[in-house]
Amino acid sequence: MDRPLILVVDDESKIRRLIAANLETLGFDVCAAGDGEQALEVFRTCSPPPDLVILDLMMPGLDGLAALERLRAQSDVPVILVTARNEGQDKMRGFAGGADDYITKPFALDELLARVQAVLRRSRRAPGAASVASDELINGPLRIKLRAHACWAAGQEIRLANTEFRLLATLMAQPGAVMTHEHLLHAVWGAAHIGEVQYLRVAFARIRRKLAQAGLDRSLISAYSGVGYVLRDLRDDTAP
């Protein structure tokens, strides 16, 4: 089996080397970059592309948020943001930009490595995949290919960030059923993020916007205050 490739982006060379050494000890291949511009260039030139990006938020020049935005325009690769600040606004901006996880400096290497392994596990099997016989989930005009990590809305392919894809796949596995906040957070972000309901609000706002751009109704996904979210069952709407 190929070793997963991880791109480590940090303007502090000591931190890059430390993270890289520990990842390589665990069996990962590592490439590195010292700023946002270099990270995008490394990502473009890697073949095959990295399986995950560890991206520092506070960097000179093109910072982590700007690099994340440009990265999301071309890829749904999982991204873990790293920052020296622990402000809620920064976290929300990161998740709104399509980050999959977030860790604050100073951090224990064991915690970072555990998050890397958890994000990689989640990105390689979408929620709900084990509960269906087919690789494909269909709900009216919505169609998802789980292994290909691809989604179509009304025949138009839409690009979803990794967390967005997993959230939509979870709802697609049981259209019409209310999925609780706890279930969604555990399925996509893991048990450590239970209670972080704001993550769901940000991610579903992005999903609704992308579905609307494909011509679907934003109300396709409804929020039940204090409970969770539900995807309307459209499987009978395709009948003539």
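**Close-up 1. Aromatic rings that pair up.** Rings of Phe, Tyr and Trp (its six-membered ring) count as a pair if their centres lie within 6.5 Å. By that rule, this predicted model has four aromatic pairs. Take Phe 95 and Tyr 199: their ring centres are 4.1 Å apart, and with 40 degrees between the planes the pair is tilted. Phe 95 belongs to helix 4 (residues 88-96) and Tyr 199 to helix 8 (residues 197-213), so this pair ties together parts that are 104 residues apart in sequence.

**Close-up 2. A charge over a ring.** Here we look at Arg 143 and Trp 152. The charged end of Arg 143 sits over the ring of Trp 152, 4.3 Å from the ring's centre.

Close-up 3. The strands come in the order 10-12-11, and they pair antiparallel. Which strands stand at the edges? Strand 10 (178-180) and strand 11 (221-224) do; each has a single partner strand, so one side of each is left without a neighbour in the sheet. On average, neighbouring strands here are turned by 30 degrees against each other, direction ignored. Zoom in on strand 10 and strand 12 (residues 228-231) and you'll find three bridges joining them. Met 179, for example, has Tyr 229 in strand 12 as its bridge partner.

**Close-up 4. Helices against that sheet.** Helix 7 (residues 181-188) lies across strand 10, strand 11 and strand 12, and runs at about 70 degrees to strand 10. Helix 8 packs on the sheet as well, touching strand 11 and strand 12. The direction of helix 8 makes about 155 degrees with that of strand 11.

**Close-up 5. Strand 4, covered on both faces.** How many of the five residues in strand 4 (residues 79-83) are buried? Five of the five! On one side sit Val 79, Leu 81 and Thr 83, and on the other Ile 80 and Val 82.

**Close-up 6. The partners of strand 4.** Strand 3 (residues 52-56) pairs with strand 4 in the parallel sense, over four bridges. Strand 5 (residues 101-104) also runs parallel to strand 4, joined to it by four bridges. Leu 81 is a handy landmark: Leu 55 stands opposite it, and its bridge partner in strand 5 is Tyr 102. Strand 3, helix 3 (residues 64-72) and strand 4 together make a right-handed β-α-β unit.

Methods. Residues numbered from 1 in each chain as written. Predicted model: local features only at pLDDT ≥ 70, side-chain atom pairs only at ≥ 80, totals over all residues. Heavy atoms only, no water. Phe/Tyr/Trp six-rings, centres within 6.5 Å; stacked < 30°, edge-to-face > 60°. Helix = DSSP H or I, 4+ residues; strand = E, 2+ residues; numbered from the N terminus. Lys NZ or Arg CZ within 6 Å of the ring centre and 35° of its normal. Pairing = 2+ DSSP bridges. Axes fitted to C-alpha atoms, helices over the stretch in contact; angles between N-to-C directions. Contact = heavy atoms within 4.5 Å. Buried < 20%, exposed > 50% of the residue type's maximum accessible area, 1.4 Å probe, protein only. Right-handed = clockwise from strand over helix to strand, strands pointing away.
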